[in-house]
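User: I'm new to this one. Can you walk me through it?
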Amino acid sequence: MVAAVHPERVSGVLTLGVPFMLPGPSAVQNHLLPQGFYVTRWQEPGRAEADFGRFDAKAVVRIIYTLFSGSEVPVAAEDQEIMDLFDPSTPLPPWFSEEDLSVYASLYEKSGFRFALQVPYRTLNVDGGITELIVKAPTLLIMGEKDYVRKFPGTEDYIRSGAMKHVVPDLEIIFMPEGTHFVQEQLPDQVNEFIITFLGKHSA
């Protein structure tokens, strides 16, 4: 959004796992997904807070990283919350250590999860009244082929058909075959190389 609204302040954009979408009611089309779609659940004020509040911060981070490193969109049944989808016998992803978990948990113990829920989930569909947004800066999108976000309705076509270039015309996309939603943590050396190359091409 900063790149679109204040182009004079931005020389390049890097985005990992989520393509640029115009804000407003059509940003994520929740109505095309089951009622238990995690974004829909987390957009309800108080619902995720109550769901997360049953666990300590370390357990919440463990559940998030385990559930969301897969290739399926997390969807809860009518009588479930999102945290209930977690199978305690499932190990952490091999690239996410117990030490990583402890560090993340210590930070969320201080901050809580409210801001992480507010941005992006509860601001996604807010209509700011801006309809002609164009990101003019050179942009790099890095997506994992196994990222569940690609299964959001319309997302795969939006990325691959070229439709995204209508709002981000100077766009480069890199798909990482083994990448998941947390591609920067899963494959940091490769992602860093892509980023450094991109910055080298577009540095002033």
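Predicted model: local features only at pLDDT ≥ 70, side-chain atom pairs only at ≥ 80, totals over all residues.

User: Start with the helix pair. At what angle do H4 and H5 pack?
Analyst: About 125 degrees, with the axes 8 Å apart. H4 covers residues 57-67 and H5 covers residues 98-111. That angle makes H4 oblique to H5.

User: Is the crossing left-handed or right-handed?
Analyst: The crossing of H4 and H5 is right-handed.

User: Which residues meet there?
Analyst: From H4, they are Ala57, Lys58, Val61, Arg62 and Tyr65. From H5, they are Glu98, Leu101, Ser102, Tyr104, Ala105, Tyr108 and Glu109. By type, the contact has 7 nonpolar, 1 polar and 4 charged residues.

User: Why is H4 called largely enclosed?
Analyst: Because 8 of its 11 residues are buried. Those in H4 are Ala57, Val60, Val61, Ile63, Ile64, Tyr65, Thr66 and Leu67.

User: What covers them?
Analyst: The cover over the buried residues of H4 includes H2, H3, H5 and helix H8 (183-186).

User: New topic. Which residues of the largest nonpolar core touch the most other members?
Analyst: Tyr38, Trp42, Phe52, Phe68, Ile82 and Phe152, out of 32 residues in that core. H2 (38-43), H3 (47-52), H4 and H6 (114-122) each supply at least two residues of this core. H4 gives the largest share, 7 residues.

User: Pick Phe52. What is it in contact with?
Analyst: Leaving aside neighbours within four places in sequence, Phe52 contacts Trp42, Val60, Ile64, Met83, Phe113 and Leu117. There is also a second, separate core of 13 residues. Its members include Phe20, Leu141, Met143 and Ile159.

User: Okay, Ile159. Where is it found?
Analyst: Ile159 sits in helix H7, residues 155-160.

User: Does Ile159 count as buried or exposed?
Analyst: Buried, because its relative accessibility is 4%, and the cut-off for buried is under 20%.

User: And what does Ile159 touch?
Analyst: Not counting residues up to four places away in sequence, Ile159 touches Pro19, Leu141, Met143, Ile173 and Phe175.

User: How many residues apart in sequence are Ile159 and Leu141?
Analyst: They are 18 residues apart in sequence. In space, Ile159 and Leu141 are 9.6 Å apart, C-alpha to C-alpha.

Definitions and conventions: Residues numbered from 1 in each chain as written. Heavy atoms only, no water. Axes fitted to C-alpha atoms, helices over the stretch in contact; angles between N-to-C directions. Helix = DSSP H or I, 4+ residues; strand = E, 2+ residues; numbered from the N terminus. Parallel < 35°, antiparallel > 145°, perpendicular 65-115°, else oblique. Left-handed = near helix turned anticlockwise from the far one by under 90°. Contact = heavy atoms within 4.5 Å. Nonpolar A, V, L, I, M, F, W, Y, C, P; charged D, E, K, R; others polar. Core = buried A, V, L, I, M, F, W, Y, C linked by side-chain atoms within 4.5 Å. Buried < 20%, exposed > 50% of the residue type's maximum accessible area, 1.4 Å probe, protein only.
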